[in-house]
Amino acid sequence: KLLVLIDGRSVYTPLYSGVYLEIQDLEMEDIDRIEVISGPGATLWGANAMNGVINIITRPAYLTDRPQVTTQGGDRWQGLNGRWAGKLGDNLAYRVYGKVFQQQAQALADGSSAFDAWSKVQGGFRADWSGAADTVTWQGDLYHGDESQPAQTANNEVEGGNLLARWQHRSGRGLWQLQGYYDYSERDGPPGSNSLALRSYDVDLQESLDLSGNRIVWGAGSRLHRYHITNSENLFFEPDSRTLTLGDLFAQDTLGLGWNLDLTLDLKLEQDPYAGWTPLPDLRLAWHAPGGALLWA
């Protein structure tokens with residue numbers, strides 16, 4: 001019921017209808033901003049956004065054009081991060097990074113191990129090409145980690161990767177964007193426990209227009225989750241594999257009414273494998289109050 005995005009890529013997993021936040025690891029210096037939208041956002045953002053949205057947006061490569069190495073060390077935690085960035089010509093900027101860490105297990109009150117040690121290695125890249133009217137972005141990540149858990153005879157292994165491409169075109173009327181990504185993740189537990197393999201594919205098209213005082217946004221998208229779960233004696237899924245498809249078509253119009261009032265009308269049609277096509281209408285009135293505050297209902 002909470003949608004988490006990284007540069008427009010959903011990190012939802014159907015294993016328990018949530019997000020494995022411990023594997024969502026980014027370089028803090030590369031994060032541009034984190035948008036937190038509380039309350040019902042499914043009308044605008046779609047599936048899994050009923051209670052809110054966390055949208056993490058990283059900086060373009062041309063804003064991180066310096067090499068950087070950082071290290072951390074202590075009695076329980078050791079880590080090393082490295083980043084190399086640069087430009088190829090006037091229009092293309094890039095950065096690549098790698099990081100590794102290990103965390104020792106905590107000690108219980110009697111001095112025994114809590115069996116919560118874990119380690120992870122990760123690397124990735126981002127490249128941005130900018131022209132007079134077009135911007136193209138490519139980015140991706142790979143990771144592998146080992147996680148200990150109490151009462152298990154062996155570690156959990158987590159691994160995955162993603163690849164995203166985005167094309168933005170600016171014109172005199174506005175901006176349109178085409179984005180697609182592929183994401184895979186695997187979680188392998190000790191023998192006799194559940195394991196998950198998930199593949200996700202997504203493509204989205206969106207256009208923003210400014211027409212005679214109207215700010216119009218329309219778009220369409222499709223997302224496919226294909227997963228397989230290895231069942232255990234304690235937790236059994238039926239079916240243990242499935243392909244879930246999400247589709248949507250939406251349009252939004254924001255009208256300026258004067259007196260610092262904006263009226264927003266929008267409609268999203270969303271198709272999911274459980275309920276089929278569902279209309280999601282939304283009506284919002286917003287007032288830009290003096291002092292920079294925004295009041296809406």
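The model is predicted, so to speak of local features a pLDDT of at least 70 is needed, side-chain atom pairs count only at pLDDT 80 or more, and totals for chains, interfaces and linings use all residues. Residues are numbered from 1 along each chain as its sequence is written, and side-chain values use heavy atoms, with hydrogens and water left out.

**Overall build**

- The protein has 17 strands and one helix, where strands (E, at least two residues) and helices (H or I, at least four) are DSSP runs numbered from the N terminus.
- Its C-alpha atoms fill a box of roughly 70 × 50 × 35 Å along the principal axes.
- Of the 297 residues, 37% count as buried; buried means under 20% relative accessible area, exposed means over 50%, and partly exposed lies in between (1.4 Å probe, protein chains only).
- Among contacts (heavy atoms within 4.5 Å) between residues at least 6 apart in sequence, 49% join residues at least 24 apart.

**Surface and charge**

- The protein exposes about 16,600 Å², and 59% of that area is supplied by carbon and sulfur atoms; the areas come from the Shrake-Rupley method with a 1.4 Å probe, and for residues only the protein chains shown count as cover.
- There are 23 positive and 37 negative charges, and their mean positions are 5 Å apart. Lys and Arg count as positive and Asp and Glu as negative, while His and the chain ends are not counted; each charge is placed at NZ of Lys, CZ of Arg, CG of Asp or CD of Glu.

**Cavities**

- The structure holds two cavities of 30 Å³ or more. On a 1 Å grid over the protein atoms alone, a cavity is a set of points where a 1.4 Å probe fits but cannot get out, and lining residues have an atom within 4 Å of a point.
- About 280 Å³ of space lies in the largest cavity; a volume is the space filled by probe spheres set on the points, which are joined across faces, edges and corners.
- The largest cavity has 24 lining residues, and Arg9, Ile23, Gln24, Tyr143 and Asp183 lie nearest its centre.
- Strand 2 (9–10), strand 9 (134–147), strand 10 (156–170), strand 11 (174–188) and strand 12 (195–211) each supply at least two residues of this lining, with the largest share, four residues, coming from strand 11.

**The second largest pocket**

- The second largest pocket has a volume of about 510 Å³. Of its 19 lining residues, Ala47, Asn48, Leu246, Asp272 and Tyr274 are the closest to its centre.
- A pocket is an open set of points with protein on both sides within 12 Å along at least five of seven lines.
- Strand 13 (214–230), strand 14 (241–258), strand 15 (261–272) and strand 16 (276–288) each give at least two residues to the lining of this pocket.

- Trp277 lies in strand 16 and is exposed, with a relative accessible area of 58%. Gly247, Leu269, Glu270 and Gln271 are touched by Trp277, not counting residues up to four places away in sequence.
- Gly89 sits in the loop between strand 6 (77–88) and strand 7 (92–103), exposed at a relative accessible area of 54%.
- Pro290 is found in the loop between strand 16 and strand 17 (294–296), and its relative accessible area of 68% makes it exposed.
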